[in-house]
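Here are my notes on the nonpolar cores and aromatic pairs. Please read them with the structure open.

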Amino acid sequence: TALACIFQCFFCQRGQQSRGSSRTSPELSEEHPGEMVKMTKSKTFQAYLPNCHRTYSCIHCRAHLANHDELISKSFQGSQGRAYLFNSVVNVGCGPAEERVLLTGLHAVADIYCENCKTTLGWKYEHAFESSQKYKEGKFIIELAHMIKDNGWE
């Protein structure tokens, strides 16, 4: 059923392309030509990862956060316990960068939060000051306390 997964992923991605946030503007009413109808502010859709891949979601609101294929390491420590290092994430906002002394030395990091429920999830490595830590730059830490596994973990 790998072929079914490929087709499902293809259709998921096509659906994502058509789901982008749509901008609404006042339109003419069909019932009363010439009258303007006030439209409400449009909602920005969150990104959805393909259902055929193992994913991680926000434990608080179930918004998708990362695909298992983007996982780099499970051996990190966050402020609330274990944490995972990811190459890329979705549905995540980033705060301002600040310098912090972490277990592996001085880094410039920015807190990351769930775009849907605004919960702080971890941080993004903006800059590593030690050459041995440069591989972390641009990568994301999400604490296990804020994630749940979704899709195909049986």
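**Notes on the core and its aromatic rings**

1. Tyr 56 and Phe 86 are both buried. The model is a predicted one, and the points below should be read with that in mind.

2. Four aromatic pairs are counted in this model. In one of them, the ring centres of Tyr 56 and Phe 86 are 5.3 Å apart with the planes at 70°, so this pair is edge-to-face, the cut-off being over 60 degrees. Tyr 56 belongs to strand 3 and Phe 86 to strand 6, so the pair ties together parts 30 residues apart in sequence.

3. The largest nonpolar core contains 15 residues, and Phe 86, Leu 121, Ile 142 and Met 147 have the most contacts inside it. At least two residues of this core come from each of strand 3 (55-58), strand 4 (64-67), strand 6 (81-86), strand 8 (105-114) and strand 10 (140-143).

4. What does Phe 86 contact, leaving aside neighbours within four places in sequence? Its partners include Tyr 56, Ala 66, Leu 71, Ile 72, Phe 140, Ile 142 and Met 147. Asn 67, Glu 70 and Lys 139 are also among them.

5. Are Trp 123 and Tyr 125 buried or exposed? Trp 123 has a relative accessible area of 8% and is buried; Tyr 125, at 2%, is buried too. The cut-off for buried is under 20%.

How values were computed:
Residues are numbered from 1 along each chain as its sequence is written. This is a predicted model: local features need pLDDT of at least 70, side-chain atom pairs count only at pLDDT 80 or more; totals for chains, interfaces and linings use all residues. Side-chain values use heavy atoms; hydrogens and water are left out. A nonpolar core is a set of buried Ala, Val, Leu, Ile, Met, Phe, Trp, Tyr and Cys residues joined through side-chain atoms within 4.5 Å. Buried means under 20% relative accessible area, exposed over 50%, partly exposed in between (1.4 Å probe, protein chains only). Helices (H or I, at least four residues) and strands (E, at least two) are DSSP runs, numbered from the N terminus. Contact means heavy atoms within 4.5 Å. Rings of Phe, Tyr and Trp (its six-membered ring) pair if their centres lie within 6.5 Å; planes under 30 degrees apart count as stacked, over 60 as edge-to-face and the rest as tilted.
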